[in-house]
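I want to look up a few side chains and jot down what sits around them.

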Amino acid sequence: DRLLREAIELDPRYAPAYAELAQVLMLRSDHPTSYGRLPIDEARAEARMLARKAIELDPNLGDAYAAMGFIYLQDKRSEPFYRKAAELTPQRADYHRWLATSLGQRSAFAESLVEYRRAKEIDPLWYINNEHYAGALIFVGQYEEARRVARRFLQLSTDERAKLLLLRGMANSEGRSFDNYRYSKLLFDRLPDERNNRFNYASGLAGLGEHRQAAALMSHEALSKALLSGDWAAAAREAAAMGRHYWDRSRLWNSADLLVRSGHGDVLVRLYDQSRSLIQAGEVDIDLVALPATVLALRNAGRAQDARELLAQFARTNRKLPDRGLGGTIKRTNLAQIAALSGRNDEALNRLEQLSRDAPLILIPVPTMSLFNSPFYQGLRADPRLLEADERLRSALNSERQKAGLAPISREAWISDPKTLLTKN
């Protein structure tokens, strides 16, 4: 950001420099979707000031509104700013892509696809436009169109790194564990110090059950290391210390589920209570908080009414997901958890049985863990149908491990133990 600050010193009325610096600061933040380690509150405070200054100096500058949207990254609050940016500067592919992501956050999937497609049409050789569009198509079940987009980009591009990034994104969206690991490793070997490469490679390893290697790669991020190492006390401390910012990471490494299953659901309850006023004010997205794990934590704490309200919110949000594609699989997985939390055990088991046949790899959490250790299915452990579904998951993962030249995971290692929870390797 040094050159942008120098530009502002040279011309304090040059609005684009303020807008660009605001975006750079957000990209340098430690938010899970960004690329740096600057504390998010620090980045956001300065970026907001800079974006407002850019709008004040030039109310017709698309980049100024994009910068304001970037303060919220791609959550629902960013949508009006990205929409304004795209209207003012329709030839900028980034604005359409950012708007598309924001639209997806509020489940406006058809409109989101239109914006992703527009971004790709404006800049067809920028891999991220193609990757995001293909991923969005997979999410709603348009697999053939997604593959056509990917094939066309691979034919046109001469950027080998961009091709690998697209292939990794496709593998991740389609739940192909070995391919995700393979492409992530190739990218990591090229640029091992790049934050996203490190995270994606760790995720690829953890998706195959190689948790120790994944934990070593994430040793610089305390919560990630604790979760991948099965150090539940440390994970609870790190989550509690994050306060409101934990909810941005509530799905990272299956953290909320693992906190509850390891006996630290009280942390989620405290974080929920700390965030209630922020949720009401729209400063924390309710959908990041209304998780089955939070529901179970509140229920275990005797907070039945709060648990019912959050479960109802989770169910409402889940109904908005598509019925096909990756989104449809996530929807069906969520319905199994809702059924289990609602005491409809037969429905939960039937859903798990079908999912284990249709999409076993997507049903496996990252880091890998048996269904027997899920906090939601503890009351189903005596039913042989859970064992059968769980075995399909283990078999599917072992097939992916074989492609990577890894030894199969035994039933004993897969089930692990009540203290370790994660698959042992």
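Which residues form one aromatic cluster? I get Phe70, Tyr82, Tyr95 and Trp98. For rings of Phe, Tyr and Trp (its six-membered ring), I count a pair if the centres lie within 6.5 Å; planes under 30 degrees apart are stacked, over 60 edge-to-face and the rest tilted.

Ground rules: this is a predicted model, where local features need pLDDT of at least 70, side-chain atom pairs count only at pLDDT 80 or more, and totals for chains, interfaces and linings use all residues. Residues are numbered from 1 along each chain as its sequence is written, and side-chain values use heavy atoms, with hydrogens and water left out.

My search of the whole structure gave 12 aromatic pairs. I noted Phe109 and Phe139 as a tilted one, 5.5 Å centre to centre with 45° between the planes.

Next I looked for charges over rings (NZ of Lys or CZ of Arg within 6 Å of the ring centre and within 35 degrees of the ring normal). I found the charged end of Lys84 over the ring of Tyr65, 5.8 Å from its centre. Arg411 lies over the face of Phe372, 5.3 Å from the ring centre.

Then Glu400: I have it as buried at 7% relative accessibility, where buried means under 20% relative accessible area (1.4 Å probe, protein chains only). Its side chain reaches the backbone nitrogen of Phe178 at 2.8 Å. I also logged contacts (heavy atoms within 4.5 Å) beyond four places in sequence, and for Glu400 these include Arg176, Leu208 and Leu361.

How values were computed. Buried < 20%, exposed > 50% of the residue type's maximum accessible area, 1.4 Å probe, protein only. Polar contact = N/O pair within 3.5 Å; in protein donor to acceptor, adjacent residues only side chain to side chain.
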